[in-house]
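User: I would like to go through a protein model with you. Please keep the answers brief.

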Amino acid sequence: MESLHMIDIIQRLGIEHHFEQEIQLVLQKQQLILSNHPCDFDFFSSHDQLYEVALAFRLLRQGGYYVNADLFDILKNEKRKFKEIYGEDVKVLSALYEASQLGVQEDSVDDVGYLSLQLLHAWLRRHEEHPQAIHVTKTLHSPLHHGFSRFRDANIFPIQFNTNNEWIGCLEELAEINSCVVSLMNQKEITEVYKWWKTLEMAKEEKFRSYQPLKWYMWPMACLTNPCLSQQRIQLTKFISLIYIVDDIFDAYGTLDQLTLFTDAIIRWELGGTEQLPGFMKMCLSVLYDTTNDFAEEVYKKHGLNPIDTLKRSWVRLLNAFMEEAHWLKGGDLPRSEEYLNNGIVSSGVHVLLLYAFFLLDQSINMESVAVMDNFPQIIYSVAKILRLSDDLEGAKKKDEKGVDGSYLDCYMNEHQHVSAEDAQNHVSHLIQSEWKRLNQQILTQNQLSSSFANICLNGARMVPLMYHTTNNPYLSIMQEHVMTLLHTAGAETV
């Protein structure tokens with residue numbers, strides 16, 4: 001089990017990219033053990049055994065290895081006994097709650113997760129002043145599977161680990177060195193992004209002059225965690241900037257007639273016929289064409305496959321979704337919630353972002369995998385749905401003074417007149433939780449796209465709480481501190 005403890009610590013420290021092969025070997029061996037001896041566990045006589053199985057379950061599923069949830073059936077069937085034995089065992093309860101976040105619509109995992117949640121809340125009420133109370137609170141608010149090790153509190157060994165182990169000190173030292181290297185790399189990358197932005201005529205436009213490229217860079221910084229992907233992070237930031245800018249054009253700067261011309265120009269993929277558009281829109285189109293055409297040419301040189309048609313279709317899909325929202329806004333009528341959500345998943349821009357990321361990874365690029373990406377695969381659908389619903393949910397919590405803003409919750413409450421705002425928010429929270437389970441399923445079962453790309457999708461979903469869930473988020477302050485450092489460095493370099 002020491003190997004599993006070591007993997008857990010390595011991942012919590014954010015240095016797993018240094019040990020990829022070693023981690024895979026351990027997980028493969030552990031999967032064989034659990035597969036060959038699924039019933040050889042007596043959880044009610046050994047606390048350590050239950051903790052170890054919960055840890056193995058989480059690490060294996062995190063790594064893309066399927067483990068049957070039947071392991072936990074005995075706990076589901078003996079709830080009273082479980083409460084009596086484990087009601088005060090925070091180490092086991094925390095491990096089980098963390099493991100339950102890797103569920104894929106399984107009753108055993110859902111029951112164990114809910115029971116652990118109840119017992120941890122009850123433990124907190126009895127032990128408010130306990131040294132471990134802070135750790136338990138953070139676990140409940142932000143489970144490991146939903147967060148980033150990089151933006152986690154440095155005090156990561158409150159319950160599970162004997163920090164006297166010599167190798168833990170070595171790993172912590174490596175993590176500190178790694179953090180310094182990555183921070184310097186991020187500073188260099190954001191400086192490059194700022195320089196690129198300032199070379200564009202579009203950046204001098206009054207509407208765009210105050211834009212902060214750092215906001216765009218935060219997504220690649222979090223989603224492409226491997227330090228060796230430096231150029232990929234810079235490139236991806238450029239395309240994310242265009243998604244943000246086009247979104248703002250539709251939301252704030254264009255009339256319906258202008259937006260129709262703008263969309264037609266994207267469909268034709270040429271500037272001809274755009275004479276009636278304002279200058280800032282034509283500039284945006286020009287940058288979009290140039291950067292995407294250059295990118296497609298680079299991919300063709302590397303792989304012998306030109307992705308330009310796939311990239312064009314993704315932009316057309318996105319702008320058609322923006323146009324649909326613009327028509328709804330002009331008409332003043334709320335669509336049905338299902339119609340809104342299906343369109344909102346596309347208008348989130350997630351598919352366009354992840355399509356560029358797919359081609360940047362240089363892995364599994366062939367006709368078959370490109371066809372999968374062209375059809376908006378389920379793994380991307382789940383990330384986009386989590387983002388759209390999370391954005392709308394957080395907006396609903398802050399919009400008391402705004403009234404109706406056309407979000408999913410407004411559409412849902414318009415359809416269900418008897419539903420209160422609180423009930424609607426609970427409904428959306430349930431939808432988000434269910435979509436996380438579908439995303440977990442995709443990480444485990446899809447084999448048409450690379451594991452590296454699947455991990456980027458997972459990181460995209462993890463990024464959502466940092467961007468939208470600002471209340472009681474233990475990762476947020478650490479990320480904000482890192483962002484402010486980057487902003488200060490980039491500002492000093494580029495003024």
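User: Is Leu-341 buried or exposed, and what is its relative accessible area?

Analyst: This is a predicted model, in which local features need pLDDT of at least 70, side-chain atom pairs count only at pLDDT 80 or more, and totals for chains, interfaces and linings use all residues. Residues are numbered from 1 along each chain as its sequence is written, and side-chain values use heavy atoms, with hydrogens and water left out. Buried means under 20% relative accessible area, exposed over 50%, and partly exposed in between, with a 1.4 Å probe and protein chains only. Leu-341 is therefore buried, with a relative accessible area of 8%.

User: Which helix holds Leu-341, and which residues is Leu-341 in contact with, leaving aside neighbours within four places in sequence?

Analyst: Helices are DSSP runs of H or I with at least four residues, strands are E runs of at least two, and both are numbered from the N terminus. Leu-341 has its place in helix α15, residues 337–347. Contact means heavy atoms within 4.5 Å. Beyond the neighbours within four places in sequence, Leu-341 is in contact with Lys-385, Arg-388, Leu-389 and Tyr-408.

User: How far apart in space are Leu-341 and Ser-407, C-alpha to C-alpha?

Analyst: In sequence, 66 residues separate the two. In space, the C-alpha to C-alpha distance between Leu-341 and Ser-407 is 9.0 Å.

User: How many helices and strands are there in the protein, and what share of its residues count as buried?

Analyst: The protein has 22 helices and zero strands. Its length is 495 residues. The share that counts as buried is 54%.

User: What share of the contacts with a separation of 6 or more comes from residues 24 or more positions apart?

Analyst: The count takes in contacts in the protein with a separation of 6 or more. Residues 24 or more positions apart account for 72%.

User: Why do α11 and α13 count as roughly antiparallel?

Analyst: Axes are lines fitted to C-alpha atoms, for helices over the stretch in contact, and angles run from 0 to 180 degrees between N-to-C directions. Angles under 35 degrees count as roughly parallel, over 145 as roughly antiparallel, 65 to 115 as roughly perpendicular and the rest as oblique. The axes of α11 (residues 230–253) and α13 come within 11 Å and cross at roughly 150°. The two helices are therefore roughly antiparallel.

User: How do the residues of the contact of α11 with α13 divide by class?

Analyst: Among the residues that meet are Phe-239 and Ile-249 in α11, and Val-287 and Phe-295 in α13. Ala, Val, Leu, Ile, Met, Phe, Trp, Tyr, Cys and Pro count as nonpolar, Asp, Glu, Lys and Arg as charged, and the others, Gly among them, as polar. The contact divides into 12 nonpolar, three polar and one charged.

User: What is the handedness of the crossing of α13 and α14?

Analyst: α13 (residues 279–303) and α14 (residues 308–331) pack at about 145°, with axes 9 Å apart. Residues including Leu-288 and Phe-295 in α13 meet Ile-308, Leu-311 and Trp-315 in α14. A crossing is left-handed if the near helix is turned anticlockwise from the far one by less than a right angle, and right-handed if clockwise. The crossing of α13 and α14 is right-handed.

User: Which residues in α7 does α5 meet?

Analyst: α5 (residues 79–86) and α7 (residues 107–126) pack at about 40°, with axes 11 Å apart. The pair is therefore oblique. From α5, the residues Lys-79, Phe-82 and Lys-83 take part; in α7 they meet Asp-111, Leu-115 and Leu-119.

User: Where is Trp-269 found?

Analyst: Trp-269 has a positive phi of about 55° although it is not a glycine. Its relative accessible area is 10%, so Trp-269 is buried. Trp-269 is found in the loop between α12 (256–268) and α13.

User: Where is Phe-376 found?

Analyst: Phe-376 is not a glycine, yet its phi is positive, about 55°. At 15% relative accessibility, Phe-376 counts as buried. Phe-376 is found in the loop between α17 (367–374) and α18 (378–398).
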